[in-house]
Amino acid sequence: MRIEVKGLTHVYSEGMPFETVALEDVNFVLEPGSFTGLIGHTGSGKSTLIQHLNGLLRPMEGAVIVDGVNIADKSDAARALRRKIGLVFQYPEHQLFEETVLKDVCFGPKNLGCTQDECEERALHALSLVGLDGKAFQDRSPFGLSGGEKRRVAIAGVLAMEPDVLILDEPTAGLDPAGHRSILDMVRQIKRERDLSILLVTHNMDDVARLADHVLVMQSGRLVMEGTPLEIFSEDAKLQTLGLSLPQATRLMNMLAERGCDVRTDILTLQEAEEEIVRAFI
Amino acid sequence: MNEPIINVEQLYFSYASEEGGEQIPALAGVSLSIEKGSFVAMIGPNGSGKSTLAKCLNALLLPGSGTVHVFGMDTREDALVWDIRKSVGMVFQNPDNQLVSSIVEDDVAFGPENLGVEPAEIRKRVDAALASVDMYEHRQKGPHLLSGGQKQRVAIAGVLAMESQCIVLDEPTAMLDPSGRKEVMDIIHRLHADGKTIVLITHFMEEAAQADRIISMERGKIVFDGTPRQLFSQEDNGHNLDMPFAVQLAAKLRSRGLDIPKQAITDQELVEYLCASK
């Protein structure tokens, strides 16, 4: 599924004292099967942008075109496409509401008109995708689970709708380091198994460096940078003016280079830094 | 060495279980003391008892067994509870859950008002508290117009206005973006420099590394208590936690034959050793 965002503009409280331009002429393409990182300061428009991608917000100007169809259309085709774009909000566990885990995960497919058997089949599969044993969890109350488990159940609820594109808004916010790692490993696993495209909103540059093949950078409602992680993170000065940092490995290699060491700075991960320092210092 | 202001002895605490199952103790025999003016970071996985311990420090929770003394006051004594809460102020994780007023300065005044402080004195304290977290110019705003980092700084000002000697912050940066995190950490450092005692619960090792002392918890027990350098220079510390980036990289480089001392725990130090080895 290919998502094309064209000239997207959105203004909150238009004509009111607190009028805010949240998005201004944003253009980009999410290619099928891509893993895109969306970064930017709080208030840069990231959340407003992703709510346009599955039609929760309607563009004031511009359009979101999915496989050639404008998803703001009232047609059945547009409606069907919107349902193929799964959006996982920040702190998705706040949206759990059912009595049992199984019922909660079934809510999405039920709304798509699936039969009870189909719903349960999808729900159990989705639970296994997020690394939970469906049989052990299905009858438990979602409110009795740990924070990490709740979040997995909430993500399973979106996966049960079998999206072609999965958008995650800071899926690791508030988790401890082990929870953080396991949620991202899960995202990677899902991408491999379901072959969907991923858009990850995050403040963590190391995650972007490690996972994404494409990066979008927002600032004050505009898309100000776009490219591969290497391209984006080679522009330290520009990122700093945007209030953004570098991946830790890149930052360390830059420090070495500034001290006159002959090392490459196009380094994104711990492994790459290790290899490059071994090359330069041994 | 300064005098201890908080003394915890053999503290046990269990939450009442909802489904009648077995009670798992959230705190299983914790003893520690915290000195005046120190900066203590508390780390450990979710569910290890950090927040429970924090809530025991100002009588939001009372010991199941064992004791907690704050400035010599036993938290189990009902009559002392207000003095205890005045001495040890809390800042929680979610900035939206702890601001009660629709105007920033009213919110900061909430604490001293409840303590029965004179209005003129409240005015003075609120202004001083807001100034010390760099929020004075926003004093007339509604909290909904502030960023996450700004809201957390207002919450800290609320504690300052009560003139708490000790501030306990439970993951105050967990919901903030990197610049919000930096704002809050800068303020924490400033308060520490001004003589406040700081207890900071965090999942970010880079933040914990900035403290004088780190307490690491697992399953309701303290598994490490020492300086950041002691913690991070243990090769395999057996504690289930993420090392700072420089420590991880240094360990890898050592295994490849580079001679990097274990004292190198920050980026800066690692770079120094590498440059010196050239």
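Where in chain A is the place of Glu170(A)? In this predicted model, Glu170(A) lies in the loop that runs between strand 7 (165–169) and helix 7 of chain A. Its phi is near 45 degrees, a positive value in a residue other than glycine, and Glu170(A) is classed as partly exposed because 19 other C-beta atoms lie within 10 Å, where 20 or more would be required for a buried residue. Most residues other than glycine have a negative phi. A positive phi is also found at Ser13(A), where the angle is near 50 degrees, and this residue is likewise placed in a loop, between strand 1 (3–12) and strand 2 (20–30) of chain A. Ser13(A) has 10 C-beta neighbours inside 10 Å and therefore counts as exposed.

The overall dimensions of chain A were considered next. Chain A contains 12 helices and 10 strands, and its C-alpha atoms fill a box of roughly 65 × 50 × 35 Å along the principal axes. For 282 residues, a compact globule would have a radius of gyration near 19 Å, and the 20 Å computed for chain A agrees with that expectation. Of these 282 residues, 42% count as buried, while among contacts in chain A with a separation of 6 or more, 61% are accounted for by residues 24 or more positions apart.

Helix 4 of chain A is followed by Gly131(A), which has a positive phi near 85 degrees.

The contact between the two chains takes 27 residues from chain A and 30 residues from chain B. On the side of chain A that touches chain B, helix 7 (177–194), helix 11 (248–258) and helix 12 (270–281) of chain A each supply at least two residues, with the largest share, 6 residues, coming from helix 12 of chain A. By class, this side of chain A is made up of 13 nonpolar, 10 polar and 4 charged residues.

The largest nonpolar core has 152 residues, of which Val105(A), Leu57(B), Ala157(B) and Val199(B) touch the most other members. Helix 5 (residues 148–161) of chain B provides the largest share of this core, 7 residues. When residues up to four places away in sequence are not counted, Val199(B) touches Ile34(B), Val40(B), Met42(B), Ala54(B), Leu57(B), Cys166(B) and Val168(B).

Also in chain B, strand 9 (residues 213–218) and strand 10 (residues 221–226) pair in the antiparallel sense over 5 bridges, and the bridge partner of Ser216(B) in strand 10 of chain B is Phe224(B). These two strands form a hairpin with 2 residues between them, and Arg219(B), in the turn, has a positive phi of about 45 degrees.

Methods. Residues are numbered from 1 along each chain as its sequence is written. Chains are lettered from A and ligands numbered from 1 in the order in which they are written. This is a predicted model: local features need pLDDT of at least 70, side-chain atom pairs count only at pLDDT 80 or more; totals for chains, interfaces and linings use all residues. Two residues are in contact if their C-beta atoms, placed from the backbone, lie within 7 Å. Helices (H or I, at least four residues) and strands (E, at least two) are DSSP runs, numbered from the N terminus. Ala, Val, Leu, Ile, Met, Phe, Trp, Tyr, Cys and Pro count as nonpolar, Asp, Glu, Lys and Arg as charged, and the others, Gly among them, as polar. The radius of gyration is taken over C-alpha atoms; the globule rule is 2.2 Å times the number of residues to the power 0.38. A residue is buried if 20 or more other C-beta atoms lie within 10 Å of its own, exposed if 12 or fewer, and partly exposed in between; C-beta atoms are placed from the backbone. A nonpolar core is a set of buried Ala, Val, Leu, Ile, Met, Phe, Trp, Tyr and Cys residues joined through C-beta atoms within 7 Å. Two strands pair if DSSP finds at least two bridges between them.
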